Every structure is written in structure tokens, then in C-alpha cells.
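Let us walk through this protein step by step. Keep the sequence and the 3D view side by side as you read.

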Amino acid sequence: MENLFRLVDQDQEMFQPKWTLVNGPIIVGAGPSGLAAAACLKEQGVPCVVVERADCIASLWQKRTYDRLKLHLPKQFCQLPKLPFPEDYPEYPTKRQFIEYLESYAKHFGINPKFNECVQSARYDETSGFWRVKTSGSNKTEFEYICRWLIVATGENAESVMPDIEGLSEFGGEVIHACDYKSGEKFKGKKVLVVGCGNSGMEVSLDLCNHNASPSMVVRSSVHVLPREILGKSTFELAVLMMKWLPLWVVDKLMLILAWLVLGNTEKYGVKRPSTGPLELKNTRGKTPVLDIGALEKIRSGDINVVPGIKRFSRGQVELVNGEKLDMDSVVLATGYRSNVPSWLQEGELFAKNGYPDGWKGKGGVYAAGFSKRGLSGASSDAMRIAQDIGNAWKEENKQLKKRSIARHRRCISLSHL
Ligand SMILES: Cc1cc2nc3c(=O)[nH]c(=O)nc-3n(C[C@H](O)[C@H](O)[C@H](O)COP(=O)(O)OP(=O)(O)OC[C@H]3O[C@@H](n4cnc5c(N)ncnc54)[C@H](O)[C@@H]3O)c2cc1C
Ligand SMILES: NC(=O)c1ccc[n+]([C@@H]2O[C@H](COP(=O)([O-])OP(=O)(O)OC[C@H]3O[C@@H](n4cnc5c(N)ncnc54)[C@H](OP(=O)(O)O)[C@@H]3O)[C@@H](O)[C@H]2O)c1
């Protein structure tokens, strides 16, 4: 009897379909960009399928960010289309609040992603005009989706960047990437080297201080640090406002004057500014300025020790480019993230080799959502544009189909009268 059941189970597995034709687009990634695109498509009356490699929505926020994280920009710049944040949310929602908002967003629009399905490849079949998207599940099951449109929403931060630094494998102490850092609690009393001084490096260093650890932060080149607020007004909002009237270079100059008035000369503490202004640098090289929420104060007081680039690691020690050697207990690599698109998308026009697209729309019905280097507000505007574009094509195709089926119906009627 037991064997019979086993046979039936095997048979069911054998006869499970290995592919499906998707009515509408497939969205890869259930982060804010994927959810926003799905919601906007719904508004256009276009069904879609969302596939996600993790077992939850917004996995970056749920699994790969530290506890004290808050949105750095005011909430009106971070909400997704068609559903604002709850009114009682603070100006800068916490990570938990943001996740709760995203959960209710998915529920509100009836978005049910297919979890635990990682896209392994996607290629456009010129002959049929369809995309073939292959996924593999947690139990190594493979599946293929065939669809007219492909929306890439896997994010600018899909994989963590792990630098190859001489001797790191011999260091001996704990080495983690910032995506695995939760809180400074377990580092109490320890000497921690934080590699990198972007928003992650600065905030991890601040958190370590607040938990009585001793962080040293590596600043190997230069970085723009701006206050999060100037005279109670969000610096980002101020920049957006100024950009309406003034050219970018003037706004950059004003930003730097204001930053100097509020924060003083950061170079005095080892935090050099790039020669290009903060907005121009963001536009040209995608490098985000740090919005300071307290780290600079700790740098000034000496609680965060700023150090130059790393030469090599040895057991329990780091040697810096200036020859100084420091004893360390642990290392946090706040060395950033990268896109993973080149590893699975077989397409050579929209996406460059570095995994970032040139625009939001490519040939053959491929779209990029959330790659405009403008954070959550960029994700929202991409989603609206993409949904509008696919919505138009969808309506047009349906009109054609309707015309054809009416014509066929008429032919049938006239034939039946013969
Ligand atoms: C620590 C941290 C803090 C941040 N804070 C802010 C902030 O305050 N404001 C702001 O605007 N931006 C912030 N960002 C930038 C952040 O990337 C965006 O806010 C937002 O998460 C981008 O959404 P997304 O959907 O484009 O990408 P993600 O949130 O990264 O979502 C992409 C999804 O795609 C999935 N995926 C990836 N590859 C595959 C695959 N092959 N198959 C299936 N699924 C896949 C991932 O699992 C993920 O769930 C922060 C980033 C970090 C790292
Ligand atoms: N609350 C928030 O809003 C918040 C918080 C955290 C992060 N974020 C966002 O998340 C994204 C990623 O930020 P991030 O700070 O993780 O990454 P990031 O901005 O890319 O910064 C990476 C840092 O690591 C340094 N680095 C890389 N390799 C190194 C090496 N081998 N040795 C020394 N330094 C090295 C870089 O220096 P170089 O500049 O010299 O290359 C840079 O300082 C950004 O968009 C950021 O705004 C937002």
C-alpha cells in the first residue's frame, strides 16, 4: 500500500507541468519596485505574475538590513504609487513601519508573488516574440514562464560586494558584510573595523558607538556628507525645490555651503569631499551622498576613529596604507552592493555589462524598474511609466483580438445562413 502511494506521488511529480504561458507580464523581484509595478498594472487591468527568490516580499528590507534603519528621506518621497503611507507614520518611517506598509500594499492590490523561485535565465525568442524565463525553486525544481513582457525589478542592491583584500582570510576574527549586521549589541567592548563610509558604513559605525564598541571606519577615497535636515527642512526636499529654479551646479554649490555651515569642515576629521558636487556625482556615477544622522558628531568626538585605506590583514590585525597597524576583533564590510542582472538576463541592449540599464524600456518588451539610482521615488516613477506603456499595448492587442473574433463570429453566422 505504502509503495502504491509512493508511486502515485512520483506520478504526480512527473505530470506536473514544467512551464506555463503567462497572461500579461512577468515581474522578477517582489521588492518595492516589483510591488509598485504590479499595483500599477492592476490599475491598468493587466494581470501579471511576480516571481521572488526569497520567501517574503521586500527581502532586502526584511532580511538584509540592520535594526536601527529608518528611511533617510521624508515619507512623501518614499511611498509607492496609489497608496500613501498611513497618516500617523512619522516623517522618517522606521524599517518595521516601512515593511508593514509594503505588506499592506501587497494585500491591498492582491499581489501574491511566487516565492522561493529564483530566476536563472531569461531570453527573448525572436521567432515567437515571447520571453522564456526559467526559475529554480528551493527543492531544485525547475519551471519556465513564457510571456510577452518582462519587467526586471531585482534591484540595484541584489548582491553584496565582498572586496578581495590581501590576508582577509587569515584575519581570524568575525568578518561580516553590512547586510548581515543587525545591531552593535554583540560587539560591546570590541574593536571593530568598518570598511566603507557610505550610508551603511556611517550608520553601522554610529550604531557600534551606541553599543559601547570601538569602531574604526575606513575612508579610502572621498565622500559627500550632508546634514539630513537644514533648519528643520529635509536637505533632499530643499535640493528638489532648488532644482526647479536653478541649474544643477548652482544647487550643488549651495548644498556645499549649507553643509559647511551646519557640519563644518569634514576634511579636518579625515572625511575628504570629492571635487565633483553631490548631485552631479549622484547623476554621473550613481554615488549617493551620506545623509548624516549623528555619525559626524561621533567622528568629531573621536568615538569613531577615521582611518585611511587598507593595505592588508593579518591575524587579528589590519595594516593601513599609511603603514599603521591596528589590532581588531571584528570586521564589518560596508562595501556596498551590485546588480545581479548579467548573471541571468540574456539581453544585450537595455542592460550594460555592469548590470545597470540605460533607460527603463528595451526592445522586445523588456523593462527595468528601480534602476534609475533615485531610490524609492525612482522605483515609483518607473512603475507608473512601465504600467502605462504595457497597459496601452495590452489594450491595443485586446482591441485587435476583439475585432478578429467579431469578424470570425460574423463569418460563422453568414456561413450558417448558406
Ligand atoms: C541598508 C539600505 C537602506 C536603504 N534605505 C533607503 C532609503 O531610505 N530610501 C531609499 O529610497 N532607498 C533606500 N535604499 C535603496 C533600496 O535599494 C531601495 O529603497 C529599494 O529597496 C529598492 O527596491 P527594489 O524593489 O528596486 O529592489 P530590492 O528591494 O532589492 O528588491 C529586489 C527583489 O528582487 C529579488 N531578486 C533578486 N534577484 C532575483 C532573481 N534572480 N530571481 C527572483 N528574485 C530576485 C530580491 O530577493 C528582492 O526581494 C536602501 C538600501 C539599503 C541596502
Ligand atoms: N537609511 C538609508 O537611507 C540608507 C542606509 C544605508 C544604505 N542606504 C543606501 O543603500 C545603498 C548602498 O549603500 P552602502 O553604504 O551600503 O554602499 P555604497 O554607498 O556603495 O558605499 C560603499 C563604500 O565602501 C567603500 N569600499 C568599497 N570597497 C572598499 C575597499 N576594498 N576598501 C575600502 N573601502 C571600500 C566605498 O569606497 P569608495 O567610495 O572609495 O569606492 C564606499 O565608501 C546606497 O544607495 C545608500 O544610499 C540607505
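Two residues are in contact if their C-beta atoms, placed from the backbone, lie within 7 Å. By that rule, nine residues of domain 1 are in contact with 14 residues of domain 2. On the side of domain 1 that touches domain 2, four residues are nonpolar, one is polar and four are charged. Here nonpolar covers Ala, Val, Leu, Ile, Met, Phe, Trp, Tyr, Cys and Pro; charged covers Asp, Glu, Lys and Arg; the others, Gly among them, are polar.

This is a predicted model: local features need pLDDT of at least 70, side-chain atom pairs count only at pLDDT 80 or more, and totals for chains, interfaces and linings use all residues. Residues are numbered from 1 along each chain as its sequence is written, while chains are lettered from A and ligands numbered from 1 in the order in which they are written.

Where are the domains? Domain 1 spans 2–158 + 339–409, and domain 2 spans 161–336. These bounds come from an automatic or database domain assignment. The C-alpha centres of domain 1 and domain 2 lie 32 Å apart.

Now look at the backbone. Most residues other than glycine have a negative phi. N116 has a positive phi, near 60°. N116 sits in the loop between α4 (95–108) and β4 (117–125). Helices (H or I, at least four residues) and strands (E, at least two) are DSSP runs, numbered from the N terminus.

K140 also has a positive phi, near 65°. Its loop runs between β5 (130–137) and β6 (142–147).

Are these residues buried or exposed? A residue is buried with 20 or more other C-beta atoms within 10 Å of its own, exposed with 12 or fewer, and partly exposed in between; C-beta atoms are placed from the backbone. N116 is partly exposed because it has 17 C-beta neighbours inside 10 Å. K140 is exposed because 6 other C-beta atoms lie within 10 Å.
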